Amino acid sequence: MLTSVDADLIRVLADPLRLRIVTLLAHETLCTTHLVEETGARQTNLSNHLKVLREAGVVETEPCGRFTYYKLKPEVIAALAGQFTELAEHARTAAGRKRSCP
């Protein structure tokens, strides 16, 4: 069953730029400079979105000299995917059940 925490995470990932960032980070760990190049977003806008993703527990940082690298936390995405898989299974088994109206 989806919880309010899951609903908050869905809202975080619903933003197109944040979803793009997550998609990019699923393939490799990137610094802010790389993310600016890949997304075309302004540095300040991107930093704000990265902060939201960090606070939601979706990404973590890795300092490297004067750069900060970001990497996706796959367990967070996997847990959310598991919740949707569970919902789909419930829907499959409930397809033949129908509550009668009073």
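In what order do the three strands of the open sheet run? Here are my notes, starting with that.

1. The order is S1-S3-S2, and the pairing is antiparallel. This is a predicted model, where local features need pLDDT of at least 70 and side-chain atom pairs count only at pLDDT 80 or more, while totals for chains, interfaces and linings use all residues. Residues are numbered from 1 along each chain as its sequence is written, and side-chain values use heavy atoms, with hydrogens and water left out.

2. A word on names: helices (H or I, at least four residues) and strands (E, at least two) are DSSP runs, numbered from the N terminus. Two strands pair if DSSP finds at least two bridges between them. On the edges of the sheet sit S1 (30-31) and S2 (59-64), each pairing on one side only.

3. S1 pairs with S3 (residues 67-72) in the antiparallel sense, over two bridges. Leu30 has Tyr70 of S3 as its bridge partner, and Cys31 stands opposite Tyr69 in S3.

4. S2 and S3 run antiparallel and are joined by six bridges; Glu60, for instance, is partnered with Lys71 in S3. The hairpin of S2 and S3 has two residues between the strands, and Gly65 takes a positive phi near 65° there.

5. H2 lies across S1, S2 and S3, running at about 90° to S3. Axes here are lines fitted to C-alpha atoms, for helices over the stretch in contact, and angles run from 0 to 180 degrees between N-to-C directions.

6. H1 and H2 pack at about 90°, with their axes 5 Å apart. That makes H1 roughly perpendicular to H2, a label used for 65 to 115 degrees (under 35 is roughly parallel, over 145 roughly antiparallel, the rest oblique). The contact (heavy atoms within 4.5 Å) is made by Arg11, Val12, Leu13 and Ala14 of H1 and Pro16, Arg18, Leu19 and Val22 of H2.

7. H2 also meets H4: their axes come within 10 Å and cross at roughly 75°. So H2 is roughly perpendicular to H4 as well. From H2, the contact involves Leu17, Arg18, Ile21 and Val22; from H4, it involves Asn45, Leu46, His49, Leu50, Val52 and Leu53.

8. Is His49 buried or exposed? His49, which is in H4 (residues 43-55), is buried because its relative accessible area is 11%; buried means under 20%, exposed over 50%, and partly exposed in between (1.4 Å probe, protein chains only). Its side chain makes a polar contact with the side chain of Arg18 (3.1 Å). Such a contact is a pair of N or O atoms within 3.5 Å; within protein, one must be able to donate a hydrogen and the other to accept it, and residues adjacent in sequence count only if both atoms are side-chain atoms.

9. Finally, the largest nonpolar core has 20 residues, and Ile21 and Leu53 are among those with the most contacts inside it. Such a core is a set of buried Ala, Val, Leu, Ile, Met, Phe, Trp, Tyr and Cys residues joined through side-chain atoms within 4.5 Å. H2 gives the most to this core, with five residues.
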